[in-house]
Amino acid sequence: MAADITENHALRLVIDGRSILLTRWQGVVYAVSGRCPHAGADLSVGRLANGRIECPMHGWKFNLTNGKPLYPPDEGRPLRVYPVQIIDGVVWVGEG
Ligand code: FES
C-alpha cells in the first residue's frame with residue numbers, strides 16, 4: 001500500500017525477477033532499480049536523502065526522480081526509473 005512507503009526509506013521488492021526500490025520524496029512515490037548501474041550493488045542498503053540515493057559500494061549518487069547520475073560527474077549511466085501509479089492506495093509499477 002502507498003501508505004507503507006515513507007520518505008528516505010526504501011521498500012525493496014522483487015518483481016519478475018527484478019529488484020525494485022519504492023520510496024517517497026516530497027510526498028511522491030518513486031520506483032527505481034534496486035541494482036546500481038555501475039557494478040550491480042544492492043541499493044536497498046544505500047543512503048537515501050534529499051531525493052538522492054547513494055550506492056553503498058563506490059558512492060555513486062543518483063537523482064531518485066529521474067535516475068540521472070549526480071556523482072561522479074563524468075559518468076553517464078543512469079539509474080532505471082519505473083513509472084508509478086497509485087490507485088485506491090495501491091502502488092502499481094510500470095515497465096519504464
Ligand atoms: S556498484 Fe554502485 S557505485 Fe559501484
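## The start of the chain

Met1 lies in the segment that comes before strand 1, which covers residues 11-15. The model described here is predicted. Met1 has a relative accessible area of 56%, and exposed means over 50%, so Met1 counts as exposed.

## A nonpolar surface patch

Met1 also belongs to a nonpolar patch on the surface.

## Salt bridges

The count of salt bridges comes to 2. One of them joins Arg18 and Glu95, with the closest N and O atoms 3.3 Å apart. This pair links distant parts of the chain, as its two residues are 77 residues apart. Arg18 sits in strand 2, which spans residues 18-25, while Glu95 is in the segment after strand 10, residues 90-93. Arg18 has a relative accessibility of 25%. The range for partly exposed runs between the buried limit of 20% and the exposed limit of 50%, so Arg18 counts as partly exposed.

Another salt bridge is formed by Arg47 and Glu54. Here the closest N and O atoms are 4.0 Å apart.

Note on methods: Residues are numbered from 1 along each chain as its sequence is written. This is a predicted model: local features need pLDDT of at least 70, side-chain atom pairs count only at pLDDT 80 or more; totals for chains, interfaces and linings use all residues. Side-chain values use heavy atoms; hydrogens and water are left out. Patches are made of residues with over 30% relative accessible area and no salt bridge: like charges are joined within 9 Å, nonpolar side chains (Val, Leu, Ile, Met, Phe, Trp, Tyr) within 5 Å. Accessible areas come from the Shrake-Rupley method with a 1.4 Å probe; for residues, only the protein chains shown count as cover. A salt bridge is a side-chain nitrogen of Lys or Arg within 4 Å of a carboxyl oxygen of Asp or Glu. Helices (H or I, at least four residues) and strands (E, at least two) are DSSP runs, numbered from the N terminus. Buried means under 20% relative accessible area, exposed over 50%, partly exposed in between (1.4 Å probe, protein chains only).
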